[in-house]
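Welcome, and please keep your viewer open for this tour. At each stop you will be told what to select and what to look for there.

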Amino acid sequence: MHTVKALFWLFCLLCSSLSAQKLHHGNPSEVGMDSLYIHTKVDSILNDAIVKQAFPGAQVLVAKNHKIIFHKAYGFHSYDSLVKVSLNDVYDLASVTKILGPLPAIMKLYDEGKIDLDLPFSKYWKPWKGRSDKKNLSLREILAHQAGLEPYIVFLNEVLKKDKTVKPRFIQKKDKNRFTSQAYKQLFVKDRFKNKMYRQITRSKVSEEKKYTYSGLAFLLFPKLISDITNVDYALYLQEQFYTPLGASSLGYLPEHRSLSNAIVPTEYDSVFRKELTQNWVHDENAALMGGISGNAGLFGSAMDLAKIMQMYANYGYYNYKQYISKRTLKEFTKVQYPENDNRRGLGFDKPLLGNDTLDITQSYPAPEVSQESFGHGGFTGTFVWADPKNDLVFIFLSNRVYPSRTHRNIYELNIRPKVQQVFYQAIKEMKINK
């Protein structure tokens, strides 16, 4: 009888521990944070940023010990102050796509033994076998931005004439035969244009010097690679394996084609290609030319849904009674790969600057207080996500800093995202001081 009771209580304890891996709402004081300090500081930083036109609006979500202890919206969708930022707004995630799109799929395939990080990538991407400068590059080098690949290719140049009008052989204004890949409302890309992009990436130069150079080129290839290995459409694979079971209903590609009730925040006024304010469609031109589904950009999502997948990462692959990716794999992908080359990167994931904890907030990336085990990624549109497993803290920052133009750089000049992130670490110290 005693044994049965002991097993029952052990089971209850285990269930309690497991359920704690799922996000739920709480108060800063419950996790040892000073609530007044947080609200005062974050309000001050964000309101000042809006006044200085770092962005027209933003929102911040923070989870500590699996409790959402802060989620607040600031400002408006645009400087006309007509539409207020709401907590369920959906944002163009830009390069945050890299760690929420192709990367979880790659980690799962690595778990299943279907890819090897240290074999030549040309084993999986056959066109590289015939390129002497690429045939021996490993997936590990590529994901850590240590392969020497070119940072970026502006494929938009291929579809525009000198007078900036579109070339009809590549772009049509109606969905028609061989032009079914949609870049924008009335812009349809030739279906085979992707192959042209793949060829140019294959022919692109590789630096002989192996050093850290951020490159998004391989991420343009990953969706097709993942589809080829899984025999499942890339976007569908992500929905089935990750987003739907996580309950991240807003997270996905092509929001214009999905029945989202959420408002979608606009990005940049595009005077070159789309000739209007970009909204409901991906901002990144390369992702647009791939029909909106790419590994470098194209995902849209809300702060709450981003928090779910980042909490899963912070739990080393576990969330709400399900192990999505093994702990071993997540630890491998989130560790610094080439510190001897002054490369701070993990595999796909961004990491703190080397020696970040010794730096002032004006020089650090992200906040100096984050642990070395922490990881995340930023996006060109003004997005930023970060998970800190050691401190069990998830930080989500969403903004449309490229509105109305990407020339707005005060989000960087004022170091806003690290400053806001730092507040939550300092709030723990404030709580201890005030006790």
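## Stop one: two crossing helices

Begin with helix 4 (residues 102–111) and helix 9 (residues 234–246), whose axes come within 10 Å and cross at roughly 70°. Helices and strands here are DSSP runs numbered from the N terminus, with helices (H or I) needing at least four residues and strands (E) at least two. Axes are lines fitted to C-alpha atoms, for helices over the stretch in contact, and angles run from 0 to 180 degrees between N-to-C directions. Helix 4 and helix 9 are therefore roughly perpendicular to each other (65 to 115 degrees; under 35 would be roughly parallel, over 145 roughly antiparallel, and the rest oblique).

Before you go on, note that this is a predicted model: local features need pLDDT of at least 70, side-chain atom pairs count only at pLDDT 80 or more, and totals for chains, interfaces and linings use all residues. Residues are numbered from 1 along each chain as its sequence is written, and side-chain values use heavy atoms, with hydrogens and water left out.

Now show the side chains where the two helices meet. From helix 4, select Pro102, Pro104, Ala105, Lys108 and Leu109; they meet Tyr234, Tyr237, Leu238, Gln241 and Phe242 of helix 9 (contact means heavy atoms within 4.5 Å).

Next, select Asn231, in the loop between helix 8 (222–230) and helix 9. Asn231 is not a glycine, yet has a positive phi of about 60°. Is Asn231 buried or exposed? Its relative accessibility is 71%, so Asn231 counts as exposed (over 50% relative accessible area, with buried under 20% and partly exposed in between; 1.4 Å probe, protein chains only).

Which order do the strands follow in the open sheet of six? The order is 1-3-2-15-14-13, and the pairing is mixed. Strand 1 (24–25) and strand 13 stand at the edges with a single partner strand each, so one side of each has no neighbour in the sheet. Two strands pair if DSSP finds at least two bridges between them.

Zoom in on strand 13 and strand 14 (residues 383–388), which run antiparallel and are joined by five bridges. Here Gly376 stands opposite Trp386 in strand 14.

Then bring in the helices. Helix 2 (residues 35–51) lies across strand 2 (57–64), strand 3 (67–75) and strand 15 (393–399), running at about 30° to strand 3. Helix 11 lies across strand 2, strand 3, strand 13, strand 14 and strand 15, and runs at about 150° to strand 15.

## Stop three: aromatic rings

A search of the whole structure finds 20 aromatic pairs. Rings of Phe, Tyr and Trp (its six-membered ring) pair if their centres lie within 6.5 Å; planes under 30 degrees apart count as stacked, over 60 as edge-to-face and the rest as tilted. Select Tyr313 and Phe349, an edge-to-face pair at 5.2 Å centre to centre with 90° between the planes. This pair links distant parts of the chain, 36 residues apart: Tyr313 is in helix 11 (residues 303–314), and Phe349 is in the loop between helix 12 (327–333) and strand 13 (375–379). Tyr313 counts as buried, at 0% relative accessibility, and Phe349 counts as buried, also at 0%.

Leaving aside neighbours within four places in sequence, Thr334 is in contact with Tyr316, Phe349, Lys351 and Phe375. Thr334 is buried, with a relative accessible area of 4%.

One aromatic cluster is formed by Phe70, Tyr365, Phe384, Trp386, Phe395 and Phe424. From Tyr365, step to Pro366: the peptide bond between them is cis, with omega near -15°.

For two charges over rings, select Lys98, which lies over the face of Phe219 at 5.6 Å from the ring centre, and Lys134, whose charged end sits over the ring of Trp128, 5.9 Å from its centre. The criterion is NZ of Lys or CZ of Arg within 6 Å of the ring centre and within 35 degrees of the ring normal.

Finish at Tyr403 and Pro404, where the peptide bond is cis with omega near -10°. Pro404 lies in the loop between strand 15 and helix 13 (410–413).
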